[in-house]
Amino acid sequence: MWDKEKKKHIGDHELRPESLMMSYGYLPEWSEGAAKPPIFQTSTFVFESAEAGKAYFEMAYGLREKAPGETPGLIYSRLNNPGLEILEDRLTVWDGAEAAAVFESGMAAITTTMFAFLRPGDVVAFCEPIYGGTEYLFHEVLPQFGIETACFPAMEGMAGLERVLAEGDRRKRLRMIYVETPSNPTNALMDIRACAALAKRLSTAERRVVVAVDNTFLGPLYQHPLKLGADLVLYSLTKYVGGHSDLIAGACLGPAEFVGQVKVTRTIFGTMAGPWTSWLLLRSLETLKLRMTSQMKNARHVADWLVEHPKVDRVHYLGHLKKGDPQYDIYKRQCSGAGGMISFDLRGGEAEAFRLLNALKLIKLAVSLGGTESLVEHPATMTHSDVPPADQLRMGITPSLVRISVGVEHYDDVIADLEQALEAV
Ligand SMILES: Cc1ncc(COP(=O)(O)O)c(C=O)c1O
């Protein structure tokens, strides 16, 4: 039997997350002594007996309470798979979450979680800018199911949130506050603690207001929303956690009760991660801290260099926030590092941005982020192209804005590439 808490300690000594990434959630004796969890590439699992099969279904579908010492059995890979379960246990470590649910994409995690919690008549308040796919879900998809969405600029902070909630009877119908912080692509921050305090104030016995945070940009190393009072943390694991630009995956973490609710919806939607994706993510988790530490160090050098360049108008980088800026106060309170994401406005417009993008030799022109290689893209015409131009401008997504995800290359090489490409502008 595997004791979750005991495995986090040697005697009284508490092991750090990076030390647990090679072992937590798995015992070699489960798999012929294999040091690493094998890939259980199977759709279904054979029951020892009809009675065992019946018991497993009763537990999986919540038809009865578990008896003391009874463990849920493996049934079918849409419900459970050893690789997925080991991964979910291991992923909880960084955020200090009770439970995790892993999905085949970040959007699968977000949509499944929305449909697990929201019902017709509910209101979701969310800040902008936000990843383009999530923006589309909130503006175009959820309203078709009678769910009202209310957006406000992240730069307006809690005043913006209060302003949109003051309209009509939204406060009474509020079911979720959804924040992506730092936001994609401008690194705007929202105060998670303040959102949690407001949600608590507006919650009633019948209606709990849930705070959900997309932690893709800084997590799970440099920001821990559950510790700041959020109820749910969402990830595109495609990014820093996967970390090699070779898989698509997502996650939802939080209290066991909430994640259990999400998993019921996941079972029916069929959005869980498969065995191969789960195995790749387990492998990636082992080097997560090494990669993110290197990406953050490199990003600091790149941002410091960009800010001095005459063709660069403005750099959006958390490490450059200055005392006196309300965003700086939020950063100091809730983030433990600036991460590896930078966006910057060139002097000029789309033509200048495209000249830079087309001249790069080492840095790859591709959407996505958080991988070992540096990636660069043009939010206005790529990741956020379905946001109407006027809204883009309101959110700070200008025609000259370029987003760079700094990788693990030597920072001098990344800077040399940017330098020669900026000559073409
Ligand atoms: C902040 C953020 N959240 C969610 C997503 C969606 O994740 P996925 O592409 O894994 O579905 C992305 C993708 O770029 C993202 O940047």
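Strands here are DSSP runs of E with at least two residues, helices are runs of H or I with at least four, and both are numbered from the N terminus. The model is predicted, so local features need pLDDT of at least 70 and side-chain atom pairs count only at pLDDT 80 or more, while totals for chains, interfaces and linings use all residues. Residues are numbered from 1 along each chain as its sequence is written, and side-chain values use heavy atoms, with hydrogens and water left out.

Let's start with the second largest pocket, where about 400 Å³ of space lies. Lining it are 22 residues, and Met155, Thr186, Arg314, His316 and Gln327 are the closest to its centre. Strand S10 (312–316) gives the largest share of this lining, three residues, and helix H14 (389–395) also supplies at least two.

Now turn to the largest pocket, with about 1800 Å³ of space. Of its 48 lining residues, Lys66, Pro72, Asn80, Glu85 and Lys263 are the closest to the centre. Helix H9 (256–269) brings the largest share, eight residues.

Finally, look at helices H6 (residues 157–165) and H8 (residues 192–202), whose axes come within 11 Å and cross at roughly 30°. Axes are lines fitted to C-alpha atoms, for helices over the stretch in contact, and angles run from 0 to 180 degrees between N-to-C directions. H6 and H8 are therefore roughly parallel to each other, a term for angles under 35 degrees. On the H6 side, the contact (heavy atoms within 4.5 Å) is made by Met158, Leu161, Glu162 and Leu165, and on the H8 side by Ala194, Cys195, Leu198, Arg201 and Leu202.

Methods: Parallel < 35°, antiparallel > 145°, perpendicular 65-115°, else oblique. 1 Å grid on protein atoms, 1.4 Å probe; cavity = no way out; pocket = protein on both sides within 12 Å on 5 of 7 lines; lining within 4 Å. Points joined across faces, edges and corners; volume = space filled by probe spheres on them.
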